[in-house]
Amino acid sequence: MPPVTRYTQSGEISIAYQVLGDGPLDLLIVPGFISHLEQGWEDPAFSRFLNRLASFSRLIQFDKRGTGLSDRIAGIPTLEQRMDDVRAVMDAVGSERAALFGISEGGPMSALFAATYPQRVSSLILYGSIARGAWAPDYPWGARPDEIDEWIEGLQKEWGGPYGIDVWAPSAAHDEQFRQWWAKYLRLGASPSAVVNVFRMNAAIDVREILPAIHVPTLVLHRAGDRAIEIEQGRFLAQQIPGAELAELSGDDHLWWVGDSESIVNRVQEFLTGERQVVEPDRVLATLLFTDIVDSTKQVTEMGDSRWRDTLARHNSVMQTAIKRFRGRAVKTTGDGFLATFDGPARAIHCAHAASEEMQQMGIEIRSALHTGEIELIGEDVGGIAVHIAARILAEAKAGEIWTSGTVKDLVIGSSLRFSERGTYSLKGVSGEWPLHAVEY
């Protein structure tokens, strides 16, 4: 059950906060961009992440002024005002000293707080963060003026939908349930004008000069393929903060609870407590099948919502029947597609072919991708690099085709299945070059 939302005053502004857990150390999350304390709990992955943090800490989180459940404001808040909000929340919950977990744009303010009030900060953790928002000759990773204008224009036109999901959470971009949750999270987090103000404030951030003045233990976490904030920004922070530890993580999601979030929690726990709670899932070898409907966005536009829902229902029924027929397990839908696992690659291929043929008779065209590798069984879900590889193969697959990794091709040698080469690809977020193949029927 989500914790109770409470309020404290920061000057004349009411700041919403929550407290979860009763661990021996206080851990305060400083959000980036926007947040909404209560809508966050509606996403299972988000709530799992928070509960994991609260398993070894007293977890404190809040909505910064102008966003979420905190008071809306006119104008753009300063870093100093946001520091006042952190201090007010800490005072309200009786926290004399806390570890700060600065997320994305929350990182610069956390860094400034740690340098200004070291007696109140036990440790500093920065995830996917920045030292400066805008480009400069000596800081080439910031946003250029035309990029800032483009983002602001996009915010004004598209706010209300799943804005920026391809950049912030590419691994979940085709999950329709997550897209709907994300769109609502954004709407509740801030109005269009408020979010433009937040974005302008973030673009004006520059805390480079204060980084050498930070003298608390610091951990910098950054995903190597982060599409929103490139890894060089995390490396810069680690280089400039004395004694900072840099942990470069795999993946290209910017949202911290999306993708392999367990590795983030493990790093945080080990950094703060010296121990790592190993949640060791079962590991098995399996063939992963990803599918999706070709040009689904275009079809939604042409059909309208009602007809599209009927089409999607028929698609889901066909996929579930085919997966069951070939002894697979439907792990989850991905909005307009499926993720399934099989105990043999040949059955997975035949499932993809059977489903594709039946879909064509219904006027639906799908594409499919397969990879065989070791996966982690995490409850009803699956994880691990093999899942990431299969998803990346799907991104390259062509309409109406079944693409596979070389592993799948090698494992069905001796069968009647035939393959054609589709070239060698660099799969985003995966090391090495990958020869891919299409199944020929």
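Is Leu417 buried or exposed? Leu417 is buried, with a relative accessible area of 8%; buried means under 20% relative accessible area, exposed over 50% and partly exposed in between, for a 1.4 Å probe and protein chains only. The views below come from a predicted model, in which local features need pLDDT of at least 70 and side-chain atom pairs count only at pLDDT 80 or more, while totals for chains, interfaces and linings use all residues. Residues are numbered from 1 along each chain as its sequence is written, and side-chain values use heavy atoms, with hydrogens and water left out.

View 1. Helices (H or I, at least four residues) and strands (E, at least two) are DSSP runs numbered from the N terminus. Beyond residues up to four places away in sequence, Leu417 touches Ala346, Ile349, His350, Val412, Val439 and Tyr441, where contact means heavy atoms within 4.5 Å. Leu417 and Met109 are separated by 308 residues in sequence and by 57 Å in space, C-alpha to C-alpha.

**View 2. The crossing of helix 3 (residues 79-92) and helix 4 (residues 106-116).** The two axes come within 10 Å and cross at roughly 70 degrees; axes are lines fitted to C-alpha atoms, for helices over the stretch in contact, with angles from 0 to 180 degrees between N-to-C directions. Helix 3 is therefore roughly perpendicular to helix 4, given that angles under 35 degrees count as roughly parallel, over 145 as roughly antiparallel, 65 to 115 as roughly perpendicular and the rest as oblique. From helix 3 the contact involves Leu79, Arg82, Met83, Val86, Arg87 and Met90, and from helix 4 Gly106, Met109, Leu112, Phe113 and Thr116. These residues divide into 7 nonpolar, 2 polar and 2 charged; Ala, Val, Leu, Ile, Met, Phe, Trp, Tyr, Cys and Pro count as nonpolar, Asp, Glu, Lys and Arg as charged, and the others, Gly among them, as polar.

**View 3. Helix 5 (residues 145-158) against helix 8 (residues 192-203).** Here the axes come within 10 Å and cross at roughly 165 degrees, so helix 5 and helix 8 are roughly antiparallel to each other. Helix 5 passes helix 8 in a right-handed crossing; a crossing is right-handed if the near helix is turned clockwise from the far one by less than a right angle, and left-handed if anticlockwise. Ile148, Trp151, Ile152, Leu155 and Gln156 of helix 5 make the contact with Val195, Val196, Phe199, Arg200 and Ala203 of helix 8. By class, this contact has 8 nonpolar, 1 polar and 1 charged residues.

**View 4. Helix 2 (residues 44-54) beside helix 10.** The axes of helix 2 and helix 10 come within 10 Å at a crossing angle of roughly 15 degrees, so helix 2 is roughly parallel to helix 10. Their crossing is right-handed. In helix 2, Phe49, Arg52 and Leu53 meet Ser261, Glu262, Ile264, Val265, Asn266, Val268 and Gln269 of helix 10. The contact of helix 2 with helix 10 has 5 nonpolar, 3 polar and 2 charged residues.

**View 5. His254, in the loop between strand 8 (245-249) and helix 10 (261-273).** His254 counts as buried, at 5% relative accessibility. Its side chain is joined to that of Ser104 by a polar contact of 2.8 Å; a polar contact is a pair of N or O atoms within 3.5 Å, where within protein one must be able to donate a hydrogen and the other to accept it, and residues adjacent in sequence count only if both atoms are side-chain atoms. Apart from neighbours within four places in sequence, His254 is in contact with Ser104, Tyr127, Gly128, Val167, Trp168, Asp226, Ala228 and Ile229.

**View 6. Phe33 and His36, with Phe33 in the loop between strand 3 and helix 1 and His36 in the loop between strand 3 (26-30) and helix 1 (37-40).** Phe33 is buried, with a relative accessible area of 8%, and His36 counts as buried at 9% relative accessibility. A polar atom of the His36 side chain lies 3.1 Å from the backbone nitrogen of Gln39. With neighbours within four places in sequence set aside, the contacts of His36 are Asp63, Gly68, Leu69, Tyr185, Leu188 and Gly189. The phi of Phe33 is positive, near 50 degrees, in a residue other than glycine. Most residues other than glycine have a negative phi.

**View 7. Arg327, in the loop between helix 12 (305-325) and strand 10 (329-333).** Arg327 is not a glycine, yet has a positive phi of about 60 degrees. At 55% relative accessibility, Arg327 counts as exposed.

**View 8. Ile375 in strand 12 (residues 366-378).** Ile375 is buried, with a relative accessible area of 1%. Between Ile375 and Thr341 there are 9.6 Å in space, C-alpha to C-alpha, and the two are 34 residues apart in sequence.
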